[in-house]
Amino acid sequence: MSHSRELFDAPSVAPEILRKVMILPAPEMKIVLHFLSTKKTSDGTVLQSGQAIAGEIGMNRSLYARKIKDVLEAGWVAFASREQNITYYRLGPEAGETETATVIPFRSRAAS
């Protein structure tokens with residue numbers, strides 16, 4: 001039974017954070033719960049595009065694009081980095097995360 005295994009692998013979330021999440025409107029709650037429960041880099045960044053996240057939580061891209069702005073303004077997520085046309089986020093202070101430095105690797109240019 002793979003579902004029970006996934007439950008044990010889920011990150012631990014403080015009960016007071018979960019109580020705050022549960023009173024959010026449904027779209028915002030789905031986004032925040034995804035960020036709380038998904039794999040992150042060492043600095044807390046979720047390396048998924050908005051399109052991928054929207055697909056995983058059953059939301060269309062335009063609704064996700066509007067609602068990610070709301071959870072960003074509310075402090076549930078924070079800007080992490082932007083590469084080309086993809087913006088990456090990490091958990092914000094409202095979710096109990098402290099601000100961490102985001103390291104973005106430099107791209108090397110091929111010598112001519």
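Contact here means heavy atoms within 4.5 Å. Keep that in mind for this protein, which is a predicted model: local features need pLDDT of at least 70, side-chain atom pairs count only at pLDDT 80 or more, and totals for chains, interfaces and linings use all residues. Residues are numbered from 1 along each chain as its sequence is written, and side-chain values use heavy atoms, with hydrogens and water left out.

**Confidence**
- The average pLDDT (the predictor's confidence in each residue, from 0 to 100) is 83 for the protein, and 77% of the residues score at least 70.

**Helix α3**
- Helices (H or I, at least four residues) and strands (E, at least two) are DSSP runs, numbered from the N terminus.
- At 1.5 Å a residue, times one less than the number of residues, the twelve residues of α3 (residues 26-37) should span 16 Å, and the end C-alpha atoms agree, sitting 16 Å apart.
- Buried (under 20% relative accessible area, with exposed over 50% and partly exposed in between; 1.4 Å probe, protein chains only) describes E28, M29, I31, V32, H34, F35 and L36 in α3.
- Among the elements covering those buried residues are α2 (15-22), α4 (50-57) and β1 (45-46).

**Q84**
- You'll find Q84 in the loop between β2 and β3.
- Q84 is exposed, with a relative accessible area of 67%.
- Its phi is near 55°, a positive value in a residue other than glycine.
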